[in-house]
Amino acid sequence: MTVRGQDVPQANSLERVREVVGVVGSARVPGLEAVQKATGLSARHASYYLNAAATLGLIKEVAGRWVLGALGHELLATPKASDAESAVLRRAAELSSVLQAVAPDLLRTPRPSLEKLARRIREGSGLADATSRRRAQTL
């Protein structure tokens, strides 16, 4: 399956992904600027985290605005750093068509190697070797 390179997450922190989902859920005008203001992230990094949250199905873009998806609502209803939060994030990863395309065994034991993930990302998205490796590191 081919995926768009921009859809392969480049976000290092699930805590920060949750924070961005929270901003989308609470901002009057949820978007890149609201995320930047609330989190202190640069525009580039805010975009990475918005894309990661979208790839996980936690948020979606509707009429040019970010809104919570069903999993985003579920996530925000859980206590931070809880087993319930982990379960929602796990389910989001399992349901993500992008993650299933490039890393279907991501949550299995043993985990796929960095090299294997980078190769799948490169082959599935057409991203350059170095970019694919960097994206694989965030998974």
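Entry 1: Thr39.

I looked up Thr39 and found it in helix 2, which covers residues 32-39. I note that the model is a predicted one. Is Thr39 buried or exposed? Its relative accessible area comes to 13%, and under 20% counts as buried, so I put Thr39 down as buried.

I then followed the side chain of Thr39. One of its polar atoms is 2.5 Å from the backbone oxygen of Val35. The Thr39 side chain also reaches the backbone nitrogen of Leu41, at 3.2 Å.

Which residues does Thr39 contact, once neighbours within four places in sequence are left aside? I listed Arg16, Glu19, Val20 and Val23.

Entry 2: helix 7 and helix 8.

Two packed helices are described by the angle between their axes and the distance between the axes. I looked up both for helix 7, residues 114-125, and helix 8, residues 129-138. The two axes come within 8 Å, and they cross at roughly 125°.

From helix 7 I have Leu114, Glu115, Leu117, Ala118, Ile121 and Arg122. Their partners in helix 8 are Asp129, Ser132, Arg133, Arg135, Ala136 and Gln137. I sorted the residues of this contact by class and got 5 nonpolar, 2 polar and 5 charged.

Methods:
Residues are numbered from 1 along each chain as its sequence is written. This is a predicted model: local features need pLDDT of at least 70, side-chain atom pairs count only at pLDDT 80 or more; totals for chains, interfaces and linings use all residues. Side-chain values use heavy atoms; hydrogens and water are left out. Axes are lines fitted to C-alpha atoms, for helices over the stretch in contact, and angles run from 0 to 180 degrees between N-to-C directions. Helices (H or I, at least four residues) and strands (E, at least two) are DSSP runs, numbered from the N terminus. Contact means heavy atoms within 4.5 Å. Ala, Val, Leu, Ile, Met, Phe, Trp, Tyr, Cys and Pro count as nonpolar, Asp, Glu, Lys and Arg as charged, and the others, Gly among them, as polar. Buried means under 20% relative accessible area, exposed over 50%, partly exposed in between (1.4 Å probe, protein chains only). A polar contact is a pair of N or O atoms within 3.5 Å; within protein, one must be able to donate a hydrogen and the other to accept it, and residues adjacent in sequence count only if both atoms are side-chain atoms.
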